[in-house]
Amino acid sequence: MRYQSLAAMDADLVDCRRCPRLVAWREQVARDKRAAFRDETYWGRPVPGFGPTDAGLLIVGLAPAAHGANRTGRMFTGDRSGDVLYAALHAVGLANQPTAVSTDDGLALRGTRITSPVHCAPPANKPSPTERDTCRSWLDEELRLLAPTLRAVVVLGGFGWKALLPVLGDAGWQVPRPAPRFGHGAHVELAGRRPLHLFGCYHVSQQNTFTGRLTPPMIEAVLADAARAAGLPGRFETP
Ligand code: SF4
């Protein structure tokens with residue numbers, strides 16, 4: 001389905017029930033809750049993209065976390081992964097504050113939108129290939145609507161990279177063959193009506209950040225490069 005705006009798309013997205021396993025999981029988590037959040041009402045639905053609808057920079061993750069975005073209803077909000085990501089966005093001038101705890105915390109992004117190829121929390125953070133493919137139409141549509149302003153994309157992790165390349169190809173950018181490989185610091189310029197700069201960054205998962213595989217300076221460096229490539233106004237210092 002084609003939408004006139006991302007707001008219209010997101011209004012339908014939050015009611016999506018196409019993936020039976022993910023619908024069951026997101027709702028079960030929302031009922032059972034984690035003890036620390038037992039007094040909260042979990043979102044328990046698909047999580048839409050977050051950020052301006054005319055963004056020049058898009059960040060693509062994997063899927064909502066069970067007790068993070070699936071609880072709060074906003075991408076990367078309310079968990080350790082989000083703590084790392086939003087602190088880095090703030091450090092390079094793309095977010096107005098370094099923390100993200102709830103949808104009413106005042107957080108705003110500058111020229112940057114965050115989305116994921118799968119919009120519902122999956123068990124063990126692992127969506128199946130079928131679930132990725134089922135959710136793809138939302139990403140197709142989000143890219144189509146962002147295309148007029150989009151200049152750069154940062155992909156967090158190999159899952160998002162693999163999911164996004166065919167979407168970019170169908171949206172009109174020329175994806176080289178063989179397909180560019182994911183890696184931290186990977187940077188590919190895709191030709192199209194307007195060139196698109198594609199950057200790879202390790203995912204901000206606890207597995208990566210707790211072990212030091214991904215450090216704040218590493219994330220900030222990629223975000224700053226991407227912000228410059230997107231032509232976002234401001235001062236983006238590479239640490
Ligand atoms: S993962 Fe995507 S396609 Fe599947 S139910 Fe959630 S929003 Fe719908």
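1. A quick word on handedness before the details: a crossing is called right-handed if the near helix is turned clockwise from the far one by less than a right angle, and left-handed if it is turned anticlockwise. Please also keep in mind that this is a predicted model.

2. Let's start with H5 and H6. On the H5 side the contact uses Arg 132, Arg 136, Leu 139, Asp 140 and Leu 143, and on the H6 side Ala 163, Val 167, Leu 168 and Asp 170. Sorted by class, that gives five nonpolar residues, four charged ones and no polar ones.

3. H5 has another partner, helix H1 (residues 6-13). Here the packing angle is about 165°, again with the axes 10 Å apart. An angle over 145 degrees counts as roughly antiparallel, so that is the label for H1 and H5. H1 passes H5 in a left-handed crossing. Leu 6, Met 9 and Leu 13 are the H1 residues in this contact, and they meet Trp 138, Glu 141, Glu 142 and Leu 145 of H5. The class count for H1 with H5 is five nonpolar, two charged and no polar.

4. Now for H4, residues 80-91. Helix H4 has twelve residues and spans 17 Å from first C-alpha to last, close to the 16 Å expected at 1.5 Å a residue. Its buried residues are Ser 81, Gly 82, Asp 83, Val 84, Leu 85, Tyr 86, Ala 88 and Leu 89; Asp 83 is the charged one to look at in that list. What do the buried residues of H4 pack against? They pack against strand S2 (112-115), helix H7 (206-209) and helix H8 (216-229). After the helix comes Gly 93, with a positive phi near 90°.

5. H4 passes H8 in a right-handed crossing. From H4 the contact takes Val 84, Ala 87, Ala 88, Leu 89 and Ala 91, and from H8 it takes Pro 216, Ile 219, Glu 220 and Leu 223. Of these, eight are nonpolar, one is charged and none is polar. Val 84, Ala 88 and Leu 89 are also among the buried residues of H4.

6. Ser 81 deserves a click in the viewer. It sits in helix H4 and has 24 C-beta neighbours inside 10 Å; the cut-off for buried is 20 or more, so Ser 81 counts as buried. Setting aside neighbours within four places in sequence, Ser 81 is in contact with Ala 65, Gly 68, Phe 76, Val 204, Ser 205 and Gln 206. Ala 65 is 16 residues away from Ser 81 in sequence, and their C-alpha atoms are 8.9 Å apart.

7. Next, some backbone checks. Most residues other than glycine have a negative phi, and most peptide bonds are trans. Phe 76 is not a glycine, yet its phi is positive, about 55°.

8. Pro 178 is in the loop between H6 and strand S4 (187-190).

9. Last, Lys 162, which is part of helix H6. It has 15 other C-beta atoms within 10 Å, so Lys 162 comes out as partly exposed. Lys 162 and Asp 32 are 130 residues apart along the chain, and 32 Å separates their C-alpha atoms.

Key:
Residues numbered from 1 in each chain as written. Predicted model: local features only at pLDDT ≥ 70, side-chain atom pairs only at ≥ 80, totals over all residues. Helix = DSSP H or I, 4+ residues; strand = E, 2+ residues; numbered from the N terminus. Expected span 1.5 Å × (residues − 1). Buried ≥ 20, exposed ≤ 12 C-beta atoms within 10 Å, placed from the backbone. Contact = placed C-beta atoms within 7 Å. Axes fitted to C-alpha atoms, helices over the stretch in contact; angles between N-to-C directions. Parallel < 35°, antiparallel > 145°, perpendicular 65-115°, else oblique.
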